[in-house]
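I opened this notebook to record what I looked up in the structure. The entries follow in the order in which I made them.

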Amino acid sequence: MTHGGLWTCPMHPAIVSDRPGNCPICGMALEPRVAVADERPSEEYLSMRRRLAVGAPLAALTLLLAMSEMIPGAPVQHALGARLSLALQFALSTPVVLWGGWPFFQRGWASIRNRHLNMFTLIALGTGVAYGFSVVAWLLPRVLPDAFRRHGGNPPVYFEAAAVITALVLLGQVLELRARSQTSGAIRALLELAPKTARRIAEDGSEQETPLEQVHVGDRLRVRPGENVPVDGVVLDGRSAVDASMLTGEPLPVEKTKGSRVTAGTINGTGTLVIRAERVGSDTMLAQIVRMVSEAQRSRAPIQRLADRVAAWFVPAVIAIAGMTFVGWWLLGPEPRLAYALVNAISVLIIACPCALGLATPMSIMVGTGRGARAGVLFKNAAALETLQSVDTIVVDKTGTLTEGRPKLVSLDIVRGDESELLRWVASLEQASEHPLAAAILEGARSRNLTLLPVAEFESITGQGVRGRVAEREVVVGNRNVVEHLPGFADLEGRAASLRQQGQTVMFVAVDGDLAGLVGVADPIKPTTRQAISELHREGLRVVMLTGDNRATAEAIGRQAGIDEVRADLLPDQKAATVKELQKAGHRVAMAGDGINDAPALAIADVGIAMSTGTDVAIESADVTLVKGDLTGIVRADRLSHATMRNIRLNLWLAFLYNSLGVPVAAGALYPLFGILLSPMIASAAMSLSSVSVIANALRLRSVRL
């Protein structure tokens, strides 16, 4: 699995490049668009770490040398002399600023050239001015105005400030890059589930370890105990329990036998399975999950627009504030006025870097969507993650969503004759039908080991049922419209109504023109449905069921599941119309379904939620896909949405608070009252800490309980 050679910016996903580099908007290093399982530390991270390793000791020595004049008696200054001390500070700080900080100057210049001022504009200005002024003050002190001079007559130098600021920014970049790499941890964990090889069984029965990329659809593969399933496939032989928790969030292993489907990346238990490969490579569910999560992580949530609007004017405003700070201290400050003006202007430039503001939303989105993937909840984009937290109504389909989607024969009500004989006639007739209920009747006959009879003169009556000749008997199976003219129908209809009240779909059976009995088929409610709906109610959500089934059956299912409102006998376009109706009434609606008939409603809903067990059309129309395919996934998705948006709001609050407090303090707002000024070095440390704190807050989502 590769990232396809594409790199993108974590803050501006619209920026895509075919090679590594820097974002032309914010200057941050581009990252692979899709994480890879064996991802090594980025070149950007290694480069920053090397620069920090060299720059930090040199910056520390520069700082110690500059601060040595504060030691009583100034022994270092007397031993070295003022000019040699300054020369050493220049020699120590120059590689830190010009080599260690070179990427910041490159990006700062690029930001001016591209007309996208960003954090590196401020860093380059701040460190460049401090270093450049110090060089002039050391080599050409007489060209500077007297307002720069201290009591000793010499202008101050800031080699230590330039070096320490550069080192602290490098430290912040290293911490930030390392923390950012952790946001893709969920994707890498998913990728690592896929084994590198598979054990292929040849035609002669021999087995060979084969690279996964050489496995093809139709190959027979052996999965031994404890191994990861290499591809999506169907079990041909064997029995085992398979752990799919990393994909579905379901903690209990699932029993797999002949005919069961298995998914790439799941972990085989104690048994051995022989499977036939059905989907390989990029077609497996695991690959699709990785692709969907990667795209969601790089998408932008609507709330990001607030940060974008602020960032658009923030850097020019900071430069203007720094200019006003310089002028204000020059005109009104104590002596040496220009020295104070320069230091405070640099502090404003450094502390106001908007990196934390830009990272606040994308980092939370990346971690949140990754956490969702681990819980079996796949968001198509960040907008769905944000919108879901405002939903107040969940609309659900019945078949395959609330129920298992596999109807079963549950009752036989005989008017005359033998129960097994009646089922034999019905199943024999239904073997020529393609209706889903026919499959349930045939499965019921097979479970009773009944031998089916040949059928002649088969006819399907649209919307009513089927008829034909079975063993020289004329058999009719269908709804009330086919048999309501026969004697005894009224009594049998009463018994049918009772079965419908239990959630069964009822078919009448007539043999040779006489009513013979009823066949009841039901689609069992999923074991998790009641609990999930109860949890949704606790979250303050209203649940509405939409179904094309008849009202009696639908209401019976609704009562069993605890549904708030049931709407039955709906066509696909009527489901979509119902969603629109709820939206017009002021509700924010999420629709959950799995069939082709649900696709229009899924597309219209504020958030469409599809079951991965459903059709491709439904999944394509939806904003969220539930890997496990039951309503507990909606509970997880809702909780994750609320947790992520809380995290984003906290990040934005921290970023705004930091800048709204930091800039005035750096400008000297506390000096008139308390005599406090903010050193550029402290400002640099605070700036780096703000970015790291935002990322650290986002990383808390990895452990949020769903």
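**Entry 1: Thr-94**

Neighbours within four places in sequence set aside, I found Thr-94 in contact (heavy atoms within 4.5 Å) with Trp-99 and Tyr-131. The model is predicted, so I note that local features need pLDDT of at least 70 and side-chain atom pairs pLDDT 80 or more, while totals for chains, interfaces and linings use all residues. Residues are numbered from 1 along each chain as its sequence is written, and side-chain values use heavy atoms, without hydrogens and water.

I then looked up the side chain of Thr-94, which makes a polar contact with the side chain of Tyr-131 at 2.8 Å. A polar contact is a pair of N or O atoms within 3.5 Å; within protein, one must be able to donate a hydrogen and the other to accept it, and residues adjacent in sequence count only if both atoms are side-chain atoms. Thr-94 counts as buried at 17% relative accessibility (buried is under 20% relative accessible area, exposed over 50%, partly exposed in between, with a 1.4 Å probe and protein chains only).

**Entry 2: Salt bridges**

I looked up the salt bridges (a side-chain nitrogen of Lys or Arg within 4 Å of a carboxyl oxygen of Asp or Glu), and the structure holds 30. In one of them, the closest N and O atoms of Arg-107 and Glu-44 are 2.4 Å apart. I noted that Arg-107 is buried at 4%, and that Glu-44 is buried at 18%.

I also recorded a salt bridge between Arg-337 and Glu-335, with 3.0 Å between the closest N and O atoms. Arg-337 is partly exposed at 26%, as is Glu-335 at 47%.
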